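Subject: Structure handover

Hello,

Here is the structure I promised to pass on. Please load it before you read further.

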Amino acid sequence: MEVYKIKGANRLHGTIKVSGAKNSAVALIPASLLANSPVTIEGLPEILDVWTLKEILEEVGAEVTFKDGTMIIDPTNVVDMPLPNGNIKKLRASYYLMGALLGKFKKAAIGLPGGCHLGPRPIDQHIKGFEALGANVSNEHGAIYLRAEELVGSKIYLDVVSVGATINIMLAAVLAKGRTIIENAAKEPEIIDVATLLSNMGANIKGAGTNVIRIDGVEELHGTKHTIIPDRIEAGTFMIMAAVAGDGVTIDNVIPFHVEALTAKLREMGVEVEEYEEKIFIPKPRSLQAVDVKTLVYPGFPTDLQQPFSVLMTQATGTSVITDSIYSARFKQIDELRRMNANGRVDGRTASITGPVSLEAATVRASDLRAGAALVIAGLIADGETEIQDIFHIERGYSSIIEKLQGLGADIRRVEVKEIEINNE
Ligand code: EPU
C-alpha cells in the first residue's frame, strides 16, 4: 500500500503552480465526443480522473493521446456503446457521458457514477433535463438507459442549482432541434469553460455564467483547440496551506476573481492576501481569528474548500463554525483531525472547531478527495511524522502534489508500507 509521510516542521516558501481545473477537465473531455473532427485540450491536469476518462473514451472508439497536459481526442470513429460497468464507476463525472452520448447518438447506457461519498448525491435534475428534451430514461440494474426518437429544445427549470445537471443538459441540447432554456442554472466558472469549448466547436450558447442559459441547437459540431481554466479549488487549497504553514508563498496560475469568497474569509481571519493578475501572494501569517463559514453555490464559499479550511480553523483563536449547505456528510476529516489533537465536533450539517491547538502527527485515512487535502495540510504543521493512507483519493484530484509541495520546501514523500489496520477507538 502506498501512503504519504509528512514531517511537519518545515515552513513553506516560494512559488507553487496551479494546474488545469479538474471539474472542467472531466466535462471538457466527454464534451469533445460531440465533435466530428479532432479536439485538442491544453493544460489538463495529470490526475487519475483524467486518465480514467481517456480510457473510457477509448472504449467507445475515440482515438486519444495525452502528453504534457495536452489531450488530442479524435471522435471520428466513436460508437454508441453501452457503458454499464467498469471505468465508469470510478468517478462521479462519468455522468457527463450520458449528456454527450445522448446528444450525439440519441441514446446511451451509462452505469450510475462513483466518486466521493459526501452524503446523498442524486442525479434527478440531470434526468429531468434529459426527459424534457424528449429522452426516455430508465434505471436498469444500476445503469441509466436513455433513448430518444429525436431531441427537441425545451425550457427546463432546475429545482436544485446543480453544476452537473447544468453541464449535462448543455451537452444534450447543443445538437437538439430548436431552443433550450435552462433556468436556475449553476454559475460556476467550469460551466463557462465548457460553454466556451462547445461554442468554439460551433454550438450556439448564450448566458453561461448567469442563471439563465439559452442554447440554440445546431446540425453538427467540429473540432477545435481549447485551453482549460486554472483549478480554483487547487488554488484555494494552496492559499490555505500558505496561510497555515507559509513563510511567504506565491500561488501562480490563478484567477483571483474565482477565489474571492475564500480570499474574503482569509482576510476576515487576519490573513493578508495580495492579488495580482494571475498570481496571489500570501505573506507569513500572524495570528488567526475564528470565523464562521457557510458553503454555498458559486460565487459563495465552495463546499470543496471547507474541508481544507477546517485545518486553518484549528490554528485560529476561538470557536469557528462550518455549515455545509451543499453536502450533508462532508465532515469525515474532522474525526481524523481529532486523532491529530484537533478540538472539533460535528453536529448534523455543522462542524465546530476550537483553537488554537498544536496538531500532533498520527496515522490517518483520506476518506475522500478534499478530506485528503485537509490531512496533507494538517500533516504540514503537525509535530512529528504523519502517515496518510488511501492516497488514491487525493491523486484523483491533485496533480503532482508531492513534487509541488517539495518545491515549497515541504518534507513529504510517497512510500510503500505494509497494510496495517488503523485503530479507530
Ligand atoms: N443535486 C440534486 N439533484 C441533482 C444534482 C444535484 O439534488 O440532480 C444536489 C446535490 O446532492 C448537492 C447539490 O445539488 O447537494 C449540488 O450538486 P452539484 O450537482 O452541483 O454537484 P456535482 O455536479 O455532482 C460538482 C463537483 C463537486 C462539487 C460540486 C459543488 C464535479 C465532477 N464535481 O459536483 O466536486 O463539490 O459540484 O460545487 O464537477 C470535488 O471536486 O471534490 C467535488 C466533489
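This is a predicted model: local features need pLDDT of at least 70, side-chain atom pairs count only at pLDDT 80 or more; totals for chains, interfaces and linings use all residues.

**Domains and their interface**

The contact between them involves 21 residues of domain 1 and 20 residues of domain 2. About 1800 Å² is buried there, and carbon and sulfur atoms give 56% of that area. On the domain 1 side, Tyr298, Tyr327 and Arg396 lose the most area to domain 2. Together they make up 36% of what that side buries.

Polar links are present as well. There are 7 residue pairs in polar contact between the domains, both residues being at pLDDT 80 or more. The count of salt bridges between domain 1 and domain 2 is 2. Helix 11 (369-381) and helix 12 (392-395) each give two or more residues to the side of domain 1 that touches domain 2.

**Ser399**

Ser399 sits in the loop between helix 12 and helix 13 (401-406). Is Ser399 buried or exposed? Its relative accessible area is 6%, below the 20% cut-off, so Ser399 counts as buried. Its side chain reaches the backbone nitrogen of Glu46 at 3.5 Å. Beyond its neighbours within four places in sequence, Ser399 contacts Ser19, Pro45, Glu46, Ile47, Glu234 and Lys404.

**Nonpolar cores**

The largest nonpolar core has 74 residues. Ile29, Leu97, Met170, Leu171, Leu198 and Ile205 have the most contacts inside it. Helix 5 (residues 163-173) supplies the largest share of this core, 7 residues. A second, separate core holds 70 residues, including Leu12, Val311, Ala362 and Ile394.

Take Ile29 as a way in. Leaving out residues up to four places away in sequence, Ile29 touches Ile41, Leu44, Val50, Leu53, Leu57, Met71 and Ile73.

**Helix 4**

Helix 4 spans residues 124-132. Its buried residues include Gln125, His126, Ile127, Gly129 and Phe130. Among the elements that cover them are helix 3 (96-105), strand 7 (136-140), strand 8 (143-147), strand 9 (155-157) and helix 5. Gly134 follows helix 4 and has a positive phi, near 115°.

Lys128 is also in helix 4. Lys128 forms a salt bridge with Asp159, with the closest N and O atoms 3.0 Å apart. Asp159 lies in the loop between strand 9 and helix 5, 31 residues away, and the pair links distant parts of the chain. Lys128 counts as partly exposed, at 29% relative accessibility.

**Other salt bridges**

How many salt bridges does a search of the whole structure find? The total is 23.

- Arg232 pairs with Glu190; the closest N and O atoms are 2.9 Å apart.
- Lys265 pairs with Glu268 at 3.1 Å between the closest N and O atoms. The two are 3 residues apart in helix 8 (residues 260-269), so about one helical turn separates them. Lys265 is buried at 17% relative accessible area, whereas Glu268 is partly exposed at 48%.
- Arg330 and Asp304 meet at 2.7 Å, N to O. Arg330 is in the loop between strand 18 (318-324) and helix 10 (332-339), and Asp304 is in helix 9 (residues 303-313). They are 26 residues apart, and both are buried.

Best wishes

Methods:
Residues are numbered from 1 along each chain as its sequence is written. Side-chain values use heavy atoms; hydrogens and water are left out. A nonpolar core is a set of buried Ala, Val, Leu, Ile, Met, Phe, Trp, Tyr and Cys residues joined through side-chain atoms within 4.5 Å. Buried means under 20% relative accessible area, exposed over 50%, partly exposed in between (1.4 Å probe, protein chains only). Helices (H or I, at least four residues) and strands (E, at least two) are DSSP runs, numbered from the N terminus. Contact means heavy atoms within 4.5 Å. Buried area is the accessible area (1.4 Å probe) that two parts lose on being put together, summed over both. A salt bridge is a side-chain nitrogen of Lys or Arg within 4 Å of a carboxyl oxygen of Asp or Glu. A polar contact is a pair of N or O atoms within 3.5 Å; within protein, one must be able to donate a hydrogen and the other to accept it, and residues adjacent in sequence count only if both atoms are side-chain atoms.
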